[in-house]
Amino acid sequence: MVEEPSATNKGVFSAAVTANKRIGLRYYRLGLEFSMEAAAAFAKAKAGQFAELDLSSTALPKSENIPEELVDAAGRNVLLRRPFSFADVTAKKDKTSVEILYCVVGPGSLRMTTLSAGDTISVIGPLGNGFDVPKEKKLFLLVAGGMGAGPLIYLAKVLTADYPSIEVVAFAGAKSADELPFERRLDQISQELGFAVPEFARYGIKSLVATDDGSAGFGGLVTNCFSQWLGQNKPAGRDTIIFGCGPEAMLKRTAEIAKEKNIDCQVSMERMMACGIGVCQSCAVECRVADSNETVYKLCCEDGPVFESKEVIFSPR
Ligand SMILES: Cc1cc2nc3c(=O)[nH]c(=O)nc-3n(C[C@H](O)[C@H](O)[C@H](O)COP(=O)(O)OP(=O)(O)OC[C@H]3O[C@@H](n4cnc5c(N)ncnc54)[C@H](O)[C@@H]3O)c2cc1C
Ligand code: FES
């Protein structure tokens, strides 16, 4: 049922920064290039896997470029590496390019904004287990919240390249139009044709946008938009699979919808991570034990970050 396992030939590698482009209020797209063994390791990286970036010696932006809400946090040290998943991976001859879609939320991601072409950065990866693509499914539904769009954009590319006969529909949500993590503008005609997000449209994938404040697309939570679409389109549960990435509350609701509709669902979980390689035990995800009332703690970095949604005990919020 399941395709190739996630890449396991991880290592500590040096990456060359090729680009770092601001794409909205708080989002950037960071381009990294790997050579030699690193290129071979990252060439096999699956959508949903991640890397740990060392930002400890990356400079802070000038004080006038630090958002007010991050002024206090900005000076905190970033000795621990920070985890980021891949929004794109492209293997060429002996080089592999990786793109990371990131949101500026604290001292590490703030430092990332000062990286520029020609810099080098230490990266551990590829880590964790990515999305598994069951070959028997015909309809793939991608549900993204905020920065959760990154790994689903890469998954969209893989799905359309490797499984040309399947159908994929993406749902992307954010608080407002300004908070959508997409590079190109949403144009009216594409939205009317059902291809709202250019990053998905470039792979021929239909997409819908939802914003909490109604400033673009569906007015309301992306899970409400998704639920409405399911109600209107009524896909056959056995032929369909859902992949979710975003805030835990969104994943929890996505998992509930999947259960109600009897559709398989995989979710990419987030936890604070220290080591990223199963040593520090800081990234526990409570999971159900099959056919039992017991639960067990799995590690987001090693067992995940992608889990079957029916396995996860989501936090109550
Ligand atoms: C497997 C994985 C993949 C990720 N992929 C991406 C990605 O592609 N793009 C992206 O922008 N971010 C991604 N993240 C989140 C990213 O790692 C954090 O935003 C980053 O570590 C923030 O570092 P910081 O120093 O800027 O802020 P910090 O000071 O570390 O955090 C700022 C705020 O965010 C909260 N926070 C930070 N990390 C997490 C977390 N993992 N779970 C819950 N709350 C958290 C903190 O509690 C704090 O309130 C991913 C996280 C994981 C675990
Ligand atoms: S981050 Fe250390 S065990 Fe998962």
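Predicted model: local features only at pLDDT ≥ 70, side-chain atom pairs only at ≥ 80, totals over all residues.
Residues are numbered from 1 along each chain as its sequence is written, while chains are lettered from A and ligands numbered from 1 in the order in which they are written. Local features need pLDDT of at least 70, side-chain atom pairs count only at pLDDT 80 or more, and totals for chains, interfaces and linings use all residues.

**Exercise 1.** Find how helices α7 and α8 pack, and which residues meet.

*Solution.* Start with the elements: α7 spans residues 222-233 and α8 spans 248-261 (helices are DSSP runs of H or I, at least four residues; strands are runs of E, at least two). Next, take the geometry: the angle is about 15 degrees and the axes are 10 Å apart (lines fitted to C-alpha atoms over the stretch in contact, with angles from 0 to 180 degrees between N-to-C directions). That makes α7 roughly parallel to α8 (angles under 35 degrees). Then list the partners: V222, T223, F226, S227 and L230 in α7 meet M250, R253, T254, I257 and K261 in α8 (C-beta atoms, placed from the backbone, within 7 Å).

**Exercise 2.** Work out which elements domain 2 uses to touch domain 3.

*Solution.* First, locate the parts: domain 2 covers 139-268 and domain 3 covers 271-317 (bounds from an automatic or database domain assignment). Their C-alpha centres lie 24 Å apart. Now look at the contact: 12 residues of domain 2 touch 10 residues of domain 3. On the domain 2 side, α8 and β13 (264-268) each give two or more residues. Finally, pick out the main contributor: α8 gives the most, with 8 residues.

Technical notes. Parallel < 35°, antiparallel > 145°, perpendicular 65-115°, else oblique. Contact = placed C-beta atoms within 7 Å.
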